[in-house]
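Please look through the model below before reading the briefing. The notes are grouped by topic.

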Protein chains: 2
Amino acid sequence: MLRWFEHDGSNSDIIISSRVRLARNLKKYNFSLKLEEKEAREMVDETCGQIREAGFFNDYHTYDFKDLDACQKVAMKERHVLSNFLLHQKTAAGFVSPEENISIMINEEDHIRIQSYTAGMDMKAAYEAADAIDDRLGDLLDYAYDDQYGYLTTCPSNVGTGMRASYMVHLPILSANNRIAGLATEIGRFGLVLRGIYGEGSKSMGDIYQISNQVTLGLSEQEVIENLNNITQQIMAQERALRKQFVKQQKNSMLDMVYRSYGLLKYARKVSLQDGMLLLSQLRLGFSEGLIQPACENECAVYQLMIGIQPANLQLMSESELSGEELDMQRSRFIRDNLPAIL
Amino acid sequence: MLRWFEHDGSNSDIIISSRVRLARNLKKYNFSLKLEEKEAREMVDETCGQIREAGFFNDYHTYDFKDLDACQKVAMKERHVLSNFLLHQKTAAGFVSPEENISIMINEEDHIRIQSYTAGMDMKAAYEAADAIDDRLGDLLDYAYDDQYGYLTTCPSNVGTGMRASYMVHLPILSANNRIAGLATEIGRFGLVLRGIYGEGSKSMGDIYQISNQVTLGLSEQEVIENLNNITQQIMAQERALRKQFVKQQKNSMLDMVYRSYGLLKYARKVSLQDGMLLLSQLRLGFSEGLIQPACENECAVYQLMIGIQPANLQLMSESELSGEELDMQRSRFIRDNLPAIL
């Protein structure tokens, strides 16, 4: 079974994924930030026990931080299965679907975070999947809910629906033309926020960004998604218009850039993370715009390579601990082994 | 029949070719610089006629500038068949051997210039070939010769033997370490001179240089060659020591550089002359040092690619006149079509 990032979805020239996450808390316990270590352990164990007993998630992968080393946890974060916040918790556990599109995190900033990914632009599907999980968990667990405010959460910005919806977008040409900072300011006025590839506090790499809603209180899930969709459509239109212009006016230079990136990815013997992400970004652009043709249509999901070259995922594939240079060499090997053939 | 630059010779890790040229003048005519146009035409026609009649050079290619366009002449210069000086003559003609190793130029700076190339380090062979041609021409033509001074030439620096011997050398590591300027100064003290790839007044490209003798008067051919050999051996030793050190201390970076160059050569869609020469220089270094293996040992004479990507040679292969960008695209196609496969 393919993981969600191993195939492309709709509007995949720009949209890598649609993501919905819901924040939920249990009435019985203090919010995570106020939980003593012992209580956190108790909350995690009790909640995981209830979920396991219900049998809903028998085919899911279960993890508990007490059994994982740092590298395993970081690798999960690199695959978007864990959040940055969870990564820094001492006590935590969770459930991950086989396709890795659904992740249930226990003892995140809120007691429960439900996260749902869909490849490409399909927020409806992402929302419905998260909502279905939420319904099941809601039957099982006693959520902290207020008739006036909605779901109660640690951070006031999440109160209400407890939902954040976000698109992961690939904006190589807006990025190359220094249009990202302006874009971030602009969409802020619509209650949205632009972040780096790994969300809050992360840097951008490979021209990949997350666009998500900032506010949830006073808006329904549908309103949040509609607003996000409208703005994202406009950003897509801007990126596409610029791409069209560049491909028209500088076709040969674009072809050269894309093929050079392919040549470097195929032959380099050391590739840094930044370098690899940039080269893969240019290759992804080339596939999207038809500048370069993959030999097999189904094998051009470049984003899976972007995940694969992250440091902890590379380390996991290796038997010994990799130094900086060894990591760059391992990265080049991974790319060579997984780079799609071209026509 | 392979042309001399289509195969490698001895010490080919550094030495691309050994070249001898002899300057000769005819008693009957003023030196070239003092020849009126009409006399030049007469000298060229008479000399070429005598050479043709003798039948020595029946398998040689004959040319006369009155039948060549600028591009054809420049392309011959790029293949080292014509000198820079001849290129700018209005009236000139010549004979070129099938392997292009022997070139007899009529109405160069001197009436007759005999040039002999050998792949790799073999100045003896280059000299003997030039000397044999000189003997034949000497029987046929009435050379300007003085018992005290030797062969009389236009430029006093050529008086005596009229010989210049030069090695074309590939010095990528000395070059990358900014050691060329120092080297040029150093060898000047031994009566030698370091020049760019196309000799006098030309720039270096692809880390290729010519080392040749400056002075001929008062020295025998053997003394000139011995002096040149001694100094060249020292330069070879310096380049080799540095290569060895880099390959030992920075093996992975060297491998990466060489393979990246190969990837760019194989996939780029536009390649400038400077860029192409640099990438080919790195590939040549990679083959020489065994960092990268050609699939077929006989197909790794990178220098022929360096000649092939020169502008006029590319233009000659094309049916229409190429603009700057088209030339860079044509260059990338030529490289793709001729790049040796690797293991």
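pLDDT is the predictor's confidence in each residue, from 0 to 100. Chain A has a mean pLDDT of 94, with 98% of its residues at 70 or more. The model's scores are ipTM 0.90 and pTM 0.92. This is a predicted model, in which local features need pLDDT of at least 70, side-chain atom pairs count only at pLDDT 80 or more, and totals for chains, interfaces and linings use all residues. Residues are numbered from 1 along each chain as its sequence is written, chains are lettered from A and ligands numbered from 1 in the order in which they are written, and side-chain values use heavy atoms, with hydrogens and water left out.

**Symmetry and interface**

- Chain B is superposed on chain A by a rotation of 180° with 0.0 Å of shift along its axis, at RMSD 0.0 Å (least squares on the C-alpha atoms of residues with pLDDT of at least 70 in both copies).
- The two copies are thus related as by a two-fold rotation axis.
- Gly263(B) is the residue of chain B that comes closest to this axis, its C-alpha lying at 2.1 Å.
- The copies meet through the same surface, because 100% of the interface residues of chain B are also interface residues in chain A.

**Sheet of chain A**

- Strands here are DSSP runs (E, at least two residues) numbered from the N terminus, and two strands pair if DSSP finds at least two bridges between them.
- Eight strands of chain A form an open sheet with antiparallel pairing, in the order S2-S3-S4-S5-S1-S8-S10-S9.
- Its edge strands, S2 (61-64) and S9 (192-195) of chain A, each pair on one side only.
- S2(A) and S3 (residues 93-96) of chain A run antiparallel and are joined by four bridges.
- Tyr63(A) has Gly94(A) as its bridge partner in S3(A).

**Nonpolar cores**

- A nonpolar core is a set of buried Ala, Val, Leu, Ile, Met, Phe, Trp, Tyr and Cys residues joined through side-chain atoms within 4.5 Å; buried means under 20% relative accessible area, with a 1.4 Å probe and protein chains only.
- The largest nonpolar core has 191 residues, and those touching the most other members are Ile104(A), Leu137(A), Tyr303(A), Ile104(B), Leu137(B) and Tyr303(B).
- A second, separate core has eleven residues, among them Tyr63(B), Met76(B), Val81(B) and Leu87(B).

**Glu100 of chain B**

- Glu100(B) sits in the loop between strands S3 (93-96) and S4 (102-106) of chain B.
- Glu100(B) counts as buried because its relative accessibility is 9%.
- Beyond its neighbours within four places in sequence, Glu100(B) is in contact (heavy atoms within 4.5 Å) with Arg3(B), Trp4(B), Phe5(B), Arg79(B) and Val81(B).

Technical notes:
Buried means under 20% relative accessible area, exposed over 50%, partly exposed in between (1.4 Å probe, protein chains only).
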